[in-house]
Every structure is written in structure tokens, then in C-alpha cells.
Amino acid sequence: QVQFVESGGGLVQPGGSLRLSCLVSGNIFSIGTMGWYRQAPGKQRELVASISSTSRTNYADSVKGRFTISRDNAKNTVYLQMNSLKPEDTAVYYCNAPGVGSRTVFGSWGQGTRVAVSS
């Protein structure tokens with residue numbers, strides 16, 4: 001079973017930046033499209049960014065122009081560079097592989113990494 005280990009979260013002031021990393025136990029080139037999700041308190045988990053095996057990217061409107069997803073297939077790692085952070089970006093961030101509709105390819109999730117944006 002593929003496992004995900006997310007890291008890089010923390011407390012940051014509005015307007016600040018963070019870079020998240022997700023180390024995947026499997027071969028992400030074989031997996032294909034990878035994505036970053038987040039779950040804010042009291043809300044459902046949502047997909048915020050995805051990147052295909054050919055590095056085509058997609059972003060939720062709420063993060064477009066501020067977040068950048070990238071991948072290093074040799075390191076089996078997916079990154080999320082987050083700039084101009086806002087309080088509404090506060091959430092636990094996870095990675096997984098997007099499936100059909102709102103589903104993910106893998107049913108298991110990592111522990112996530114917590115991002116808090118506050119002054």
C-alpha cells in the first residue's frame with residue numbers, strides 16, 4: 001500500500017510563504033497525477049492543486065496565482081509552494097492521487113501537515 005508523509009507546515013503570518021513536501025512510498029511516475037488536498041476545521045477535504053506525470057497543473061480558483069505544485073519523480077516527492085498566504089488557507093494539507101470525480105486512487109491518507117495563517 002502506498003504511504004504518504006507530508007511535512008513543511010507551520011504557523012505563518014498573512015502574506016507569508018511555506019513550502020510543503022510529500023514523500024510517497026511508491027513510484028509517483030507510475031502513479032501518474034498527484035494532488036494536494038486540504039481540510040479546514042469544520043469543512044470537507046478539498047483538492048487544491050494537481051500535477052500530471054507530464055507536469056500539467058491545475059489549481060482551485062481559491063489558490064490560483066499563489067500556489068505552485070511541482071514534482072520530483074526521482075525522489076518520489078511532490079511539493080506545494082504557497083505564497084501570499086491568507087487566513088483562509090489555514091488547514092491540514094494532505095497529498096494523494098486524484099481519481100474519478102472527488103475520489104482518490106488511494107483510500108489511505110498520511111498524517112497531513114498543519115498550516116496556520118494568523119497574525
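Six bridges join strand 7 to strand 8, and the two strands run antiparallel; strands here are DSSP runs of E with at least two residues, helices are runs of H or I with at least four, and both are numbered from the N terminus. Two strands count as paired if DSSP finds at least two bridges between them. The model is predicted, so local features need pLDDT of at least 70 and side-chain atom pairs count only at pLDDT 80 or more, while totals for chains, interfaces and linings use all residues. Residues are numbered from 1 along each chain as its sequence is written, and side-chain values use heavy atoms, with hydrogens and water left out.

Within this pairing, arginine 71 has valine 78 of strand 8 as its bridge partner. The two strands form a hairpin with four residues between them, and asparagine 76 in the turn has a positive phi of about 50°. Alanine 74 is found in the loop between strand 7 (67-72) and strand 8 (77-82). This alanine 74 counts as exposed at 76% relative accessibility, where exposed means over 50% relative accessible area, buried under 20% and partly exposed in between (1.4 Å probe, protein chains only).

Aromatic rings come next. Rings of Phe, Tyr and Trp (its six-membered ring) pair if their centres lie within 6.5 Å; planes under 30 degrees apart count as stacked, over 60 as edge-to-face and the rest as tilted. By this rule the count comes to three aromatic pairs. Phenylalanine 4 and phenylalanine 106 have ring centres 5.9 Å apart and planes at 65°, so their pair is edge-to-face. Phenylalanine 4 is buried at 4% relative accessibility, and phenylalanine 106 is buried with a relative accessible area of 13%. Tyrosine 94 and tryptophan 109 also form an edge-to-face pair, at 5.8 Å centre to centre and 80° between the planes. Ring pairs link Tyr37, Tyr94 and Trp109 into a cluster.Charges meet rings too: a charge sits over a ring if NZ of Lys or CZ of Arg is within 6 Å of the ring centre and within 35 degrees of the ring normal. The charged end of arginine 45 sits over the ring of tryptophan 109, 3.6 Å from its centre.
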